[in-house]
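Okay, thanks for coming, everyone.

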Amino acid sequence: MSHSPADAFTPGISRSPFQPAWWLNNPHLQTLYPPMFRQVATPGRVRERVTLSDGDWLYLDWRLPKSWMGKRQPLVVIVHGLTGNSQSQYVLGLQHALDAIGWASVAMNCRGATGEANDRPRAYHAGAHDDLADVMRLVRERYTDVPLALVGYSLGGAISLNYLALEKPPERLFAAVAVSVPLLLGACADRLDQGFSRVYRKHLLAELCKAWERKAGRLQALGDEEMAAHIRERLAQGPFTSFRTFDDVLVASLHGFRDGEDYYTRCSPRQRLGDITVPTLLLQAADDPFLAPECFPSARELSATVQLEISPRGGHVGFVEAGSSWREPIYYLERRIPQFLQAMAPESVRVAKLADSLPPAYQSSSMRKAAP
């Protein structure tokens, strides 16, 4: 495993320069600190409800800084993880970091992710790359001369990698980043049955069941009594104590898969890493409590446009470095992701040095004041 400069793109496998804060030198502390203790102000955004190809809908939250308008700087599409949404601290943190270099962003809320049930039985899952394709198509058509980039976290990273491999990305999509991705879904489901990871499993399954109950209520209100009853019959088979059972009973049966194993087989992105043609950075932590060893592929599985950067530590979408105090840590992802995207940006894009353009406030948890 080689080391590479932060601003270099080195296809293959490299060791991350990330160094965890000494007081978060544990995968669970890295995983839990940001969602539990970080407070990130929501930037001024515009919410738009967009219609998808099947007639359903989702929300997009646009952040288009005044400094961006008319300058042809890039626009970054961001996809959240399982049970997350555009208010997740890692999404808000990245939007602030992109603001600091004058780039625009749009955060995609997957179907039903905002707590408002959508109108169709379908939800989101690792294979929902067609929804992302709809969003990318809208962005491409609306901003015809703007360079585009894509960032996905956890399950959103799986959706993004499947999109890159199976759809036809726009030519102006110059780079992508995927973080803490469950590259092999079945193995990750088993990993969440082990040790302290069962705490995450319990929380995630509880949130997912609430979302499906909301969906049943929405479908009933729309007059689809049969489907509402079907979903509630499936939920009644709980309480679920493993993702394998949940995915078999709900996700697979309601999304056209034969069973949970068929869903895992068809939607795990590891098998498609060799088909990606867009320069892509994949950031994984070896101690991630959500990921199985199978989520660390060999170099021969990667296409010539994929760089896998592995950190020995970092947890799941954590990567928290030491700052001026334990209350003011630095979030590595919000430095590393813009660095990579800037390095990959077209020559026509004016690129400032990140160290000069990213104020400390955009790296720490101190963003508590409302953004202008």
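Predicted model: local features only at pLDDT ≥ 70, side-chain atom pairs only at ≥ 80, totals over all residues.

F18 and F319 sit edge-to-face, at 5.4 Å centre to centre and with 70° between the planes. F18 is in the loop between β2 and α1, while F319 is in the loop between β10 and β11, so this pair ties together parts that are 301 residues apart in sequence. And both F18 and F319 are buried.

Now a second pair, Y200 with F290. Here the ring centres are 5.0 Å apart and the planes are at 35°, so we call this one tilted. Again, distant parts of the chain get linked: Y200 belongs to helix α6, F290 to the loop between β9 and β10, and they're 90 residues apart. Y200 is buried at 7% relative accessible area, and F290 counts as buried too, at 14%. For the whole structure, by the way, the search finds 16 aromatic pairs.

Y200 brings us to helix α6. So how does α6 pack with α7? The angle is about 160°, and the axes are 7 Å apart. Angles over 145 degrees count as roughly antiparallel, and therefore that's what α6 and α7 are. Their crossing is left-handed. On the α6 side the contact includes C209, W212 and L219, and on the α7 side M227, I231 and L235 are among the residues involved. By class, the contact has eight nonpolar, two polar and four charged residues.

That's it from me, over to you.

Methods. Residues numbered from 1 in each chain as written. Heavy atoms only, no water. Axes fitted to C-alpha atoms, helices over the stretch in contact; angles between N-to-C directions. Helix = DSSP H or I, 4+ residues; strand = E, 2+ residues; numbered from the N terminus. Parallel < 35°, antiparallel > 145°, perpendicular 65-115°, else oblique. Left-handed = near helix turned anticlockwise from the far one by under 90°. Contact = heavy atoms within 4.5 Å. Nonpolar A, V, L, I, M, F, W, Y, C, P; charged D, E, K, R; others polar. Phe/Tyr/Trp six-rings, centres within 6.5 Å; stacked < 30°, edge-to-face > 60°. Buried < 20%, exposed > 50% of the residue type's maximum accessible area, 1.4 Å probe, protein only.
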